[in-house]
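Thanks, everyone; I have one structure to go through today, and I will give the cut-offs as the terms come up. Please have the sequence and the model open while I talk.

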Amino acid sequence: MLEAANRDDHFMSLTQPGSGGPTIVATFDAARSEVEADALRGAGGRAALERYSDRVDAMLRQLFADAGGHELRVAVIALGGYGRRHLCLQSDIDLLVLFEGAIGAKDERFVRAFLTPLWDLGIVIGHQVRELDDFTRLEINNAEFLLALLDARPVAGVRSLFDRFRTLFHTPSTHAYILKSLLELVDQRHGAFNSTLYQLEPDVKEAPGALRDLTATRTIAMLTDPLLLRRGPADPARVDQAEDFLLRVRSTLHLGAGRNQNVLSHDMQERTADLLGYPGAEPRQRVERLMSDYFRHARIVTRALDWARKSAPVPVGPNLGLSREGIRFLDPIVAARNPASWIGAFQAAIDHSTDVSEEALSCVQQHVDRYRADDFFPEAADRAALLRLLTPREGLYARLSEMHDCGLLGRVFPEFQAISWRVVRDFYHKYTVDEHTLLTIRNLERISATTRPDRVRFRNILAAVVEPELLVLALLLHDVGKWRDDDHALESVRMAVDVLDRLHLKGEARETVLFLIREHLRMSLIAFRRDTEDPEIVKTFAAFIGTEERLKMLCLLTLVDVEAVSPETLTPWKEELLWRLYVDTYNHLTQRYGDELIERNQAGLDELLKQRPDDLSPGEITRFLEGLPQRYLQLFSREAIYRHVRLGRDIHPDEVHVSLERGEAAIWTLAVTTLDKPYLFSNICGVLSSFGMNIIRGHALTNPNGLVLDVFQFTDEERFLELNDEAHQQVLQILETVVSGKEDVTRLLKGREQGVLHSKNASRFAPVVRADNEASGRYTIVDIVANNALGLLYRISRVISRQGCDVDLVLIATEGGKAIDVFHITKGGSKLTEAEQQSLTSDLLRTLEGSL
Amino acid sequence: MKLIKCIIRPNKVDEVKDALAKLNIAGMTVTEVRGHGKQKGHTAIYRGKEYNVSLLPKMEIEVVVADNLADDVVKAVVQAARTGEIGDGRVFVLPVLESYRIRTGEKES
């Protein structure tokens, strides 16, 4: 059975070993005689060469069978000119002998048995013997071989093996590499001919306008846009005629020279002109006619190549090409069947600062109604791509408008379709609801690149938003509820829930989007209609907002939303009010939260106790929470809080309880509980730095019982935790030994600190250190903005401890290369005196400047 | 006639408008303005850096009323716009020499 199945899979397996047909020599001689006769008649063009190639195919199949190829998992594949069925009389026969698995002794015997008769016939064989696995990696050191593989054609053996080879070989990245190499090879080759086709003795294979250029033209089209040549200025039939002519000439050259010689030299010109039947009394006249025809054809080829080079879309993604008209689907038929690929066209247009071509937009428009929302993002990767598209940057508004115009936006988000061309009459809005919405996104996009001095402050806020695409998603949906006439914010939230379900957006990201939509009017109401100089108003607003991240997003949303109402609505006056509310709220969130502690009857506490897992008692939870800042409840999810409570259980002096988890985007979260002691915070930071961890966000909190909870988010750029099984344990052990004082963290850091001091990442701005006793009732607040560097927090906190201060609360943030840290500190249980503040800030500045 | 020019906190506009409406004063001009009084603003701090905020956003409301109404209007504005804190604003009363209606060119008495 196995044998039979194996045979069925064999390409042209009808040929049987020793089937009694003519001998190989005779077969080959007959084929050659035929093609020689064609050349002699001046008819050695395409048809003749195809016949000759077919005869050679048949001969190879016979040899394959005779050599026992049918017993093996092997395929013989024609490459290059032979693959194209343009085998000339004296051309090499390029073959790929492809084995499915590792090549064994039996396989090697087959290769010898298969090739030896060919060598005996004096045929020059260019052969490669490979295993299928070889094609899982791109071979980048042999561009000519890769080009020859593009013409691969199965001749004998297992057909499915050929198909698998094709699948492995034809990938977008391989195509892109081959295209790049091909263009380089063409330039080099042209250089060797002084880049002119008008050669008196042209090489009909290599010269500009000759056969290789013709193949290059077709290859460029094949790799980028199969219909490219049909769009060109030259009639494809004329290119075919040029090819036939060049092949006929080449056949006469091979016939005359008896070897693979392609130069149409002066002596060969007369003979070729005669064989091709050019009229004229004198040989000179016949030669002139031949050469004039040659140059005419070579010019057609050159023009076709130039056109292809200029017009070929650059592959920029699966089935996507960048052309002069913008982003195109290389194969519109494939695109029409694959709606999940459409978002990619708009992403590519943004990436390449271009439009989506009219042709692609028409394709989308024509087919969009066949699909439902889910069809556009069936996989997690598609959903991630859709979110990525929403990153605010130049071109986003234009692309979303194109998507809207061709009906795609309303299909991807049917909720958005509900406000298409929707007119709501009020005193302020000047545009339809859909356009107002898209304009908010345009305004945000403009902020992302603005250089206007009064706007740079908002650009900086945007640059600091961790997931700006969520802000754009919220903008896109903030007014969808306006399809109805009542409270639109709540209706928008209701509709947004469906969108977020389809996008599988969960957790904090989901809550943030819903919060922004629900509250999209709140900040403008407070900024423009309330007395924001009243600290109580700011305090209430800050408590409502909860975190700086939400504040940043709501501030930007408010700004762009007001601006999109009409050109006059957002005045510098309003901008200033909004900015001030932002700053006051930001300061409240980062500096005053230490004064607002969780109390027994705290809002939200009941829910936390009610939902608690079985292993936690209410007493345990309240003991842990009481005295922590209220902000803690807003910063962490219920699950995280329960984890922290468990972590704080039964803790003894010198003990460190640690949980270490890897989150999304390779960000690790380390939660540490321990009992407070001098240098604790700097020691923990030091340990993380000693492992090369880059701390990007974090919070240090202390409760009145001296229990410390530090939560750090960091990246592990050296992949220490990922690559070492023992890493978790090692970090824990070192933390314990350092915190208990058995190990000095400075020793661990020695090598690392050297690296930082000598790093090329020199300072781009002077560090800012500011101490303040006004902001908080309990703490001296130290604001620090400095270049982020490995060990920065360690160095800062060490100075603070050295000055005899206690680190009570810390807020850690980074924005690009900037570290923004807010320390809440005391000395002997009180705020610092003026002199102590002075001494601390100068010490800190010296440390920070010393590490520039 | 008197021109009454009120510089008030932005959030007090609605209350002042309501108070004026109670006096049957319908016509007014409302402008977003920026300025400072005696205090010359204050210093705002954002991320450790000081920003001098010398010009504070205020609203300016202008009404023109008959001489005999001017006192009531001033009282109403002061009452509506007052918080008792620094920055509540000012009311100025200016004489108006003549007034014309643009549509008709007619001089108003």
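This is a predicted model: local features need pLDDT of at least 70, side-chain atom pairs count only at pLDDT 80 or more; totals for chains, interfaces and linings use all residues.

Let me begin with B:I7, which stands opposite B:E60 in β5(B). That pair belongs to strands β1 (residues 2-8) and β5 (residues 56-65) of chain B, which run antiparallel and are joined by seven bridges; strands here are DSSP runs of E of at least two residues, helices are runs of H or I of at least four, and both are numbered from the N terminus. Two strands count as paired if DSSP finds at least two bridges between them.

Residues are numbered from 1 along each chain as its sequence is written, while chains are lettered from A and ligands numbered from 1 in the order in which they are written.

Widening the view, we find an open sheet of four strands in chain B, with the order β2-β5-β1-β6 and antiparallel pairing. Its edge strands are β2 and β6 (89-95) of chain B, each of which pairs on one side only, and the twist averages 20° from one strand to the next. Helix α2 (residues 70-81) of chain B lies across β1, β5 and β6 of chain B, running at about 5° to β1(B); axes are lines fitted to C-alpha atoms, for helices over the stretch in contact, with angles from 0 to 180 degrees between N-to-C directions.

As for the whole chain, chain B comes to two helices and six strands, and from the N terminus on its elements run β-α-β-β-β-β-α-β. The radius of gyration of chain B, taken over C-alpha atoms, is 17 Å, well over the 13 Å from the globule rule for 109 residues (2.2 Å times the number of residues to the power 0.38), so chain B is more spread out than a compact globule. Along its principal axes the C-alpha trace of chain B spans about 60 × 25 × 20 Å.

How many residues does each chain bring to the contact between A and B? Chain B gives 14 residues and chain A gives 20, where two residues are in contact if their C-beta atoms, placed from the backbone, lie within 7 Å. On the side of chain B that touches chain A, β2 (29-35) and β3 (42-46) of chain B each supply at least two residues, and the largest share, three residues, comes from β3(B).
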